[in-house]
Amino acid sequence: MATAAPSSTTTSNQTRPGAKRSTVSAVFGNYIEYVDFGSYGFMAAIIGANFFPGDASAQLLSSLAVFGVTFFFRPFGGFLWGYVGDRYGRKNALVWAIALMSLSTALIGVLPNYDAIGIAAPILLVVLRSLQGVSIGGEFAGAGTFITETAPSNRRGVWSSYISVSAALGTLTASTLVLVLTVSLTSAQMASWGWRIPFLLALPIGVVALIMRAKAVETEVFVKLREKEKAPINPFKGFGKEEVKSILIVAVFASAAGLGIYYFFTYFNVFLSATVGLSSSTAIGLTAIGLILYSVMCPFAGLIGDLWGRKRPFVISLICMGLVAVPVFMLLRAGIVAAIAGLILFGLAQSVVNVTTSVVLAEMFRARSRMSGGAIGHNIGLALVGGTGPLVAAALVSSTGNPLAPGFYLGAVALLAGVITWIFLPETGKRSMFSDESASLKAQELELGGSTTPAEA
């Protein structure tokens, strides 16, 4: 019979030796992953011109299509790294994920273009971007699991918020680097070799992140699981309808969170330059301001979840994101000051959505299948809706001629996710990370008047 987990008012509120250093390694690795992954988004137009034939519009859509296609490989990455993380350790999964990301990104930097090798160029680009998709497929959920299991139980929201901060700062670094290159090089130099620099930097910086993660301390949750099992853990042993239900719930709110974040990280920059008509440097600069302000908001979003629970702020922020989506696009078209106001407005809602996503997808699942369940659910949502957002948004503007169309699409997705999350998401903020039951099953027990003591794995 399962034994009681540590009370949330005792040892689970304490910080383990090496926990902060391990958290830094997870956060820094996530930062590097988003520098690597984000570089492509900010170089989308130049990459399109280098690797695809046709006019500028067709090249941009092709480049964004490659950006979207990689998200179909993220569920495979989620399954792979989730399995590795649950069976062989959270730390091991994060180490191998950053290694794959750094290598595949660096190879993009040396890839010959369409003029040099013809159709092989876009094919190889798709292959390397797919490997990036496999890598990052385990990163967000993996880092979320690692940090949520490492953090004191009453600070899981704040600690997990650093994942969102690092993702934003990684994207900001990518945009800043692209901005510096854009203003320092001529258009011809940028198109010829300048665009390769952010990708080539992935290798040396990735080595640093790899070393940091290799020295991290494994989470206490996994250590206790391994001690109990005495053999490699099978995360899918006893995997039943409650886990499937939790995966579907995660997929729903991850769809909205992913769509919002890739609008914020990628499409807003494209919209400001291609649709609004701002210069590339101005568009990148505005996006950078938005990312900085969003990064400041994220820890406060985590604190809200720690103080008031996950579900209520989550649902409110999803509904707010849905309601402000169209007004934000209107502000982006109304001048620089209005655009900054729009980015702040969007960042307020998105910070709560994304930070809560990172912690809830870990809290939803029992310890033995936590990384697998969270990564699979998160990446299904991104593959179906979130990751294809920039491509769908650009296609909507191109096909309808309405620059507000992407806002209507985002608004509909966010509002629907908010309603479904309100109906089906259990409150997870107080549950033990050592629990051997899913959050949805525990919620059912509470409704039936069952035991409220979490089980220890």
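Reader: Where is the place of Cys-320, in terms of helices?
Author: Cys-320 has its place in helix 16, which covers residues 311-332; helices here are DSSP runs of H or I with at least four residues, and strands are runs of E with at least two, numbered from the N terminus. This is a predicted model, in which local features need pLDDT of at least 70 and side-chain atom pairs count only at pLDDT 80 or more, while totals for chains, interfaces and linings use all residues. Residues are numbered from 1 along each chain as its sequence is written, and side-chain values use heavy atoms, with hydrogens and water left out.

Reader: Is Cys-320 buried, partly exposed or exposed, and why?
Author: Cys-320 counts as partly exposed because its relative accessibility is 34%, given that buried means under 20% relative accessible area, exposed means over 50%, and partly exposed lies in between (1.4 Å probe, protein chains only).

Reader: How many disulfides does the count come to?
Author: The count comes to zero disulfides, where a disulfide is taken as a pair of cysteine sulfur atoms within 2.5 Å.

Reader: Changing topic to helix packing: at what angle do helix 1 and helix 5 cross?
Author: Helix 1 (residues 19-42) and helix 5 (residues 90-109) cross at roughly 25°, and their axes come within 10 Å. The axes are lines fitted to C-alpha atoms, for helices over the stretch in contact, and the angles run from 0 to 180 degrees between N-to-C directions. Helix 1 and helix 5 are therefore roughly parallel to each other, since angles under 35 degrees count as roughly parallel, over 145 as roughly antiparallel, 65 to 115 as roughly perpendicular and the rest as oblique.

Reader: Which residues make that contact?
Author: On helix 1 they are Ala-26, Gly-29, Ile-32, Glu-33, Asp-36 and Phe-37, and on helix 5 they are Leu-94, Ala-97, Ile-98, Met-101, Ser-102 and Thr-105, with contact meaning heavy atoms within 4.5 Å. By class, the contact of helix 1 with helix 5 has seven nonpolar, three polar and two charged residues; Ala, Val, Leu, Ile, Met, Phe, Trp, Tyr, Cys and Pro count as nonpolar, Asp, Glu, Lys and Arg as charged, and the others, Gly among them, as polar.

Reader: How does helix 5 pack with helix 8, what angle and what distance?
Author: Helix 5 and helix 8 (residues 139-150) pack at an angle of about 145°, with their axes 10 Å apart. Helix 5 contributes Arg-90, Lys-91, Leu-94 and Ala-97 to the contact, while helix 8 contributes Glu-139, Gly-142, Ala-143, Thr-145, Phe-146 and Glu-149. The contact of helix 5 with helix 8 has four nonpolar, two polar and four charged residues.

Reader: Then what about helix 19 and helix 20, at what angle do they pack?
Author: Helix 19 (residues 389-400) and helix 20 (residues 405-424) have axes 8 Å apart and pack at an angle of about 135°, which makes helix 19 oblique to helix 20. Their contact is made by Val-392, Ala-393, Leu-396, Val-397 and Thr-400 of helix 19 together with Ala-405, Pro-406 and Tyr-409 of helix 20. The residues of the contact between helix 19 and helix 20 divide into seven nonpolar, one polar and no charged.
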